Amino acid sequence: MSIDRVAYARGGREVSIAVDTDPGRGIRPDLWPSVGEYPLYDPFLYYSMTHDVLRNDAFRAALRQVAGGRTVLDIGTGQDLNWALEAARHGARAVHAVEAIERSHAMAAKRLAQAPQRDRIELVHGTSFGLHLPERAEVCVAELVGSIASAEGMLAAVSDAHARLLAPGAVVIPAACRTIAGAVCLRDMFADGLGFSRDALPYLQKVFDLCGRPFDVRLTVSNPDPASVLSSTAAVETLRFDGSQPLDEKTDQRLTIERDGAVDGLLLWIVLDAGDGTRPIDSLHDRTSWTPAYLPLYDTPVEARAGDVLDVTFERRTSDDGVHPDYLVNASLTTSAGTVEGSSVSTHHGPDLGTNALHRHLLIG
């Protein structure tokens, strides 16, 4: 592993980005910005989703059970129209597919023009928030689940859809998702040096371009070792996509340290339930395109022993765009030496820069 630094300037701010010039690419963990909550999807990101067998098998199995004879809404259909075409193949009476990214919509339009099911699929350029349907849909497919379950705005999109676009009792795929948290030490996971994967650098720069400035971007860890989790685990989000879930919510959980080690933050991953009869997908233990997120709690790792406890308050607040959440975490690690308080603020689009030692290393140097 070799760490280099790359300069970036935008919005009156200049940062020096720490970059791992020798990415692990499945052999060891890589550090990435969280990208799913931004309109940055390109052939590489679509490829990772299209070739995610567990994800696609689960969505396909859930959709197969409910599409026949019904009207289906596909939110965020993507360049490949995967679930719109799948719904039509399984007998959907009509499918309304919506895609916000211009390039993805253009590619989806080309694919639709060649599809045998094109007469039953309406493709719309835009977001579901601006969509109006001639009749309410009885099934909704929305691939808007993030590394933290709510991060891509799934709750806001589904809440709006239930209010305006979906029939009473409509089936939503996926049905539910939990965000699980466990205590880890990121510095131990990257003991040879800590920087964004070289493969991730273009995406990090695009996030900053989109938001107009560099900021303490949310972090994800691809290919983490599940054994790096030092504590028991618990759900900090339990989301149901039936329209009943509040957009803002606070959860308290207690994690118990299960083996000695240093703690500097939380690893967060999802367990997704696509629908009845499907196998849950666990993004830490399964090979899937979802990557766990990391939230820093302590500037200096805190030594903990088995039996110590980490009390966590996890709060989800909708950001000023009305769709994507910000996250606030407060934590207390109680050891034989006393209690150490920690915290983390993870926003969708900034503006804070350098609020913790990790981001100061990654983005300031």
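Helices (H or I, at least four residues) and strands (E, at least two) are DSSP runs, numbered from the N terminus. Keep in mind that this is a predicted model, where local features need pLDDT of at least 70, side-chain atom pairs count only at pLDDT 80 or more, and totals for chains, interfaces and linings use all residues. Residues are numbered from 1 along each chain as its sequence is written, and side-chain values use heavy atoms, with hydrogens and water left out.

Let's start with His359, which sits in helix H8 (residues 357-363). His359 is buried (under 20% relative accessible area, with a 1.4 Å probe and protein chains only), at a relative accessible area of 4%. Its side chain reaches the backbone oxygen of Val217 at 2.8 Å. Leaving aside residues up to four places away in sequence, His359 touches Asp216, Val217, Leu219 and Ile364, where contact means heavy atoms within 4.5 Å.

Now for helix H5 (residues 154-164): eight of its eleven residues are buried, so the rest of the structure largely encloses it. Among those buried are Met154, Asp160 and His162.

| Strand | Residues |
|---|---|
| S4 | 71-75 |
| S7 | 137-142 |
| S8 | 166-173 |
| S12 | 234-240 |
| S19 | 309-318 |

S19 also belongs to an open, antiparallel sheet of four strands, in the order S13-S19-S20-S21. Strands S13 (249-256) and S21 (338-346) are the edges, each pairing on one side only. Two strands pair if DSSP finds at least two bridges between them; S19 and S20 (residues 325-335) are joined by ten.

Key: Buried < 20%, exposed > 50% of the residue type's maximum accessible area, 1.4 Å probe, protein only. Polar contact = N/O pair within 3.5 Å; in protein donor to acceptor, adjacent residues only side chain to side chain.
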